[in-house]
Amino acid sequence: KNWMEDAVVGQSLGNAPSGTTAVQLVRDYATFGGSSYRRIVTKPVNGTVVVYQSGVEKAGSYSTTTGLFTPSTAWTEGQPLTADFEYDIPVRFDTDSLPFNYENWRALSGEVAVVEVLE
């Protein structure tokens, strides 16, 4: 868990599609010059996702393995969508060995790097 990057409030999801089409949860980062970055969120934390259509909470369900939100009733096509949610980022350790034990865990120097798992 990255405590500095684990939640968003008021994240734009674009405009509502037609019917009950699922929408993908995303995280936008600040724009620098002409560049911007959007992360596709595939691991929202269970119990934290709230999606709004024109500022009104929209009932629905979401997948904690894909980050897709599906409304219970049809969207009002073209209305702005926003979301509040927490999320996890899948990572793996860059080593298979963590050289410490209970007696010397404070003596461990350096950090164990992680590598983000891209799907």
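**A hairpin and the strands around it**

Reader: β5 and β6 form a hairpin with two residues between them. Which residue in the turn has a positive phi?

Author: The model is predicted, and its strands are DSSP runs (E, at least two residues; helices are H or I, at least four) numbered from the N terminus. Most residues other than glycine have a negative phi. In the turn of this hairpin, the residue with a positive phi, about 55°, is Ser54.

Reader: On what basis are the values given, and what pLDDT do local features need?

Author: Residues are numbered from 1 along each chain as its sequence is written, and side-chain values use heavy atoms, with hydrogens and water left out. In this predicted model, totals for chains, interfaces and linings use all residues, side-chain atom pairs count only at pLDDT 80 or more, and local features need pLDDT of at least 70.

Reader: Is Ser54 buried, partly exposed or exposed?

Author: Ser54 lies in the loop between β5 and β6. A residue is buried under 20% relative accessible area, exposed over 50% and partly exposed in between (1.4 Å probe, protein chains only). The relative accessibility of Ser54 is 38%, so this residue counts as partly exposed.

Reader: How many bridges join β5 to β6?

Author: Strands pair through backbone hydrogen bonds, either parallel or antiparallel; here, two strands count as paired if DSSP finds at least two bridges between them. β5 and strand β6 (residues 56–58) run antiparallel, and Gln53 stands opposite Val56 in β6. The number of bridges that join β5 to β6 is three.

Reader: β5 also has bridges to another strand. Which residue of β9 stands opposite Val50?

Author: β5 and β9 run antiparallel and are joined by four bridges. Across this pairing, the residue of β9 that stands opposite Val50 is Asp84.

Reader: Which residues form the covered face of β5?

Author: In a regular strand the side chains alternate between the two faces of the sheet. Strand β5 (residues 50–53) has an uncovered face with Val50 and Tyr52. The residues on its covered face are Val51 and Gln53.

Reader: Leu81 is found in β9. Is Leu81 buried or exposed?

Author: Contact means heavy atoms within 4.5 Å. Leaving aside neighbours within four places in sequence, Leu81 is in contact with residues including Leu13, Val23, Tyr52 and Trp75. At 1% relative accessibility, Leu81 counts as buried.

Reader: How far apart in space are Ser12 and Thr82, C-alpha to C-alpha?

Author: Ser12 lies in strand β1 and, at 35% relative accessibility, counts as partly exposed. Apart from neighbours within four places in sequence, Ser12 is in contact with Val26, Asp28, Arg38, Leu81 and Thr82. Ser12 and Thr82 are 70 residues apart in sequence, but their C-alpha distance is 4.4 Å.

Reader: Which strands are the edge strands of the open sheet?

Author: This open sheet of three strands has the order β2-β8-β7, with antiparallel pairing. β2 and strand β8 (residues 68–71) pair over two bridges, and in β8 the bridge partner of Gln24 is Leu68. Each edge strand pairs on one side only: these strands are β2 (23–24) and β7 (60–62).

Reader: Is the pair of Tyr29 and Tyr37 stacked, edge-to-face or tilted?

Author: The structure holds three aromatic pairs. Rings of Phe, Tyr and Trp (its six-membered ring) pair if their centres lie within 6.5 Å; planes under 30 degrees apart are stacked, over 60 edge-to-face and the rest tilted. The rings of Tyr29 and Tyr37 have centres 5.3 Å apart and planes at 40°, so the pair is tilted.

Reader: How many strands does the whole protein have?

Author: Buried residues make up 24% of the 119 residues. Residues 24 or more positions apart account for 60% of the contacts with a separation of 6 or more. The protein has zero helices, and its number of strands is 11.
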